[in-house]
Amino acid sequence: MKLFSRTNYGKIKLKNRIAIAPMGMKTDIDGYISKRNIEFYRRIAEGGAGLINIGCAMCIQKYETRPTWAMDNFFQMAEYGQLVDSCHAYGAKVVSQLTVGLGRVAYADRIEEAPYGPSENPLRGNPSIYTKEFTKEQIAEVVRAYGEAALLLKKAGVDGIEMHAYGGYLFDQFMTSTWNRRTDEYGGSLRNRMRFVIECLHEARKTCGEDFTIAAKVTVDHRIPKPGYRTIDEGIEMCKILEEEGIDAIHVDTGCYERYYCQIPSVYEEKGMELDVIRKIRQNVTVPLMGQGKLNDPAIAEAVLQEGALEVVALGHQMLADPDWPEKVKEGRVKEINYCIGCNECMYMAVLGKNRPCAVNPLSGHELEYPTARAKKTKRLLVIGGGPAGINAALTAAGRGIEVDLWERNSYLGGNLAAAGAPEFKADVHRYLDNLIYRLNQSDDRVKLNKFASKEDILKENVDNVILATGSDPIMIPLEKTDNSKVSVITSNECLLNLKEIGEEVVVIGGGLVGCETALHLDRMENVKRVVIVEALDSLLKTAKHFGSNDHSLKDMMKASNIEAITSAKVRRITENGISYEKEESVMEISCDTVVMAVGFRSNNRLEDDIWDQVANVRTVGDAVAPRKVLNAVHEGFHAARVLK
């Protein structure tokens, strides 16, 4: 496979063509790389990646509150050096992003803390505060700091740097006319707007020498059809200029915060979502290219390399989900890959102040904290429920040498995740579930389907440890129904799993995450002619708690669909040929032949009270505790099995 052939990325010789994409993995507030960070990247190198691309370091902290690691003094080098050495031990090479700042996408809640930018622009996260405009003297100071920081990174042992010039961050703000309205030599033409980046490139070259690789990650298309944002035509010219100015390699990207899912893809995007622009850049420059955009399907990654569109494939969140992706692909163990589901909980949790957990891999970023040693006391475990919580508990316990029986009441595994992954636009979730089931079938765990667990059945097993992963059931609102009604009422799960017949005209009650995804699934069905959502709140997705890129993408999908939405409305009854609802003190009707309930879930945890006093150790996990997310189910199942003695 070409994935595992050697290549040059700038002046760096790589053992293969697989990189971890740069991500903000900062966990400590002091600006230094921590032991947790070192172990995270060491684990990626151990998994077989040829290039470790570390998230950005800040070259100067004078003009902006530090958003990430810093590299502006000698003492920050030691931990960087240890990180580099730990990756070099596996034959991986290391590149560190180097940034001048975030500009308008940094956050500040006081004018005194306002960051700097090319022009005055409202902050993305707090529009009441504007960036301060850099003077030419300040720009010159930052340029000098950039060269000094690049040299410190070189001394720390990195094999190269990647200029952080993408995604609407500060470098990109200078290069983009909608944010750069300067009239001096740093504004106006594309080359003038690129002057700051080019000066930093030359300064880093001056301090680090010709033998040191300097790459740039650039946004070649903002994917926003409005004047002032970059189109691919300008992106091509930008890459040509960078090549002329001596850049060693280019990391191609798309999107920005205003089109977030094009920058940080969600579950809803298609594989290879950036290949259209990557191919156009390839036709216009000769320097090595690294690309990304949901290339975690091994067949797609290989095909992209075979056609010559890229020299290096970058995997981001996939490496959080499974750092062994390279080794598993190399050894033909593709079915064992723990696939990223595009939930972006890693990003969402980081926004909330967490240490960037991965929903489907509890060990990611916590390799040091969560040991999974062989159990000393527990010999047997009974797991009730075969959803993500139960399967992860069973797999974790089996890995610790514990004998496991898993009972599932349905004829299939997956619980509510099976329904969540049913729409074609949720293929990432479906593939993750397939992986879980495959691994479970390959294990020594004893699995019984169609096994309803009663108190008596559990006690007959005579076990000391029971994990209840019994999940949650869809809520059915008790609506009055006309005696002669021809309308069928089903749950969202029954709809998504095709367990009940669906008519041509469908009303979905509930406009939250499940309701909107169910409506989109129905909208794409050939036999369905009309889909209407009725939501009690004043807007759709108001209760959804997910990351911005997922939210942006789903809302754009809803806008592009044929779905009708009625908000601030309450369904009153099922009529003979549809439903009646109340809105603004008026009662109206909608004709339909199917009503889908998508109003939430209720925990199924009655067994907890039944067996609590009769089994030594009972743990309830996942939706059985409260209906929540995949992250909660996976992590709670994992930890419940991990801490068994």
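Q: Are Y268 and F425 buried or exposed?
A: Y268 is buried, and F425 is buried too. Buried means under 20% relative accessible area, exposed means over 50%, and partly exposed lies in between, with a 1.4 Å probe and protein chains only. The model is predicted: local features need pLDDT of at least 70, side-chain atom pairs count only at pLDDT 80 or more, and totals for chains, interfaces and linings use all residues. Residues are numbered from 1 along each chain as its sequence is written, and side-chain values use heavy atoms, with hydrogens and water left out.

Q: Why is the pair of Y268 and F425 called tilted?
A: Rings of Phe, Tyr and Trp (its six-membered ring) pair if their centres lie within 6.5 Å; planes under 30 degrees apart count as stacked, over 60 as edge-to-face and the rest as tilted. The centres of Y268 and F425 are 6.1 Å apart and the planes are at 45 degrees, so the pair is tilted. The whole structure holds 16 aromatic pairs.

Q: What makes Y261 buried?
A: Its relative accessible area is 12%, and the cut-off for buried is under 20%. Y261 is found in helix α8; helices are DSSP runs (H or I, at least four residues), strands are runs of E (at least two), and both are numbered from the N terminus. Y261 touches E269, M273, S549, H552, S553 and D556, not counting residues up to four places away in sequence, where contact means heavy atoms within 4.5 Å.

Q: How do you know that the charged end of K217 sits over the ring of Y166?
A: The rule asks for NZ of Lys or CZ of Arg within 6 Å of the ring centre and within 35 degrees of the ring normal. The charged end of K217 is 4.0 Å from the centre of the Y166 ring. R431 lies over the face of Y339, at 4.1 Å from the ring centre.

Q: Why are α7 and α9 called oblique to each other?
A: Angles under 35 degrees count as roughly parallel, over 145 as roughly antiparallel, 65 to 115 as roughly perpendicular and the rest as oblique. Helix α7 (residues 232-244) and α9 pack at about 40 degrees, with their axes 10 Å apart, and α7 and α9 are therefore oblique. I232, G235, I236 and C239 in α7 meet V277, K280 and I281 in α9.

Conventions. Axes are lines fitted to C-alpha atoms, for helices over the stretch in contact, and angles run from 0 to 180 degrees between N-to-C directions.
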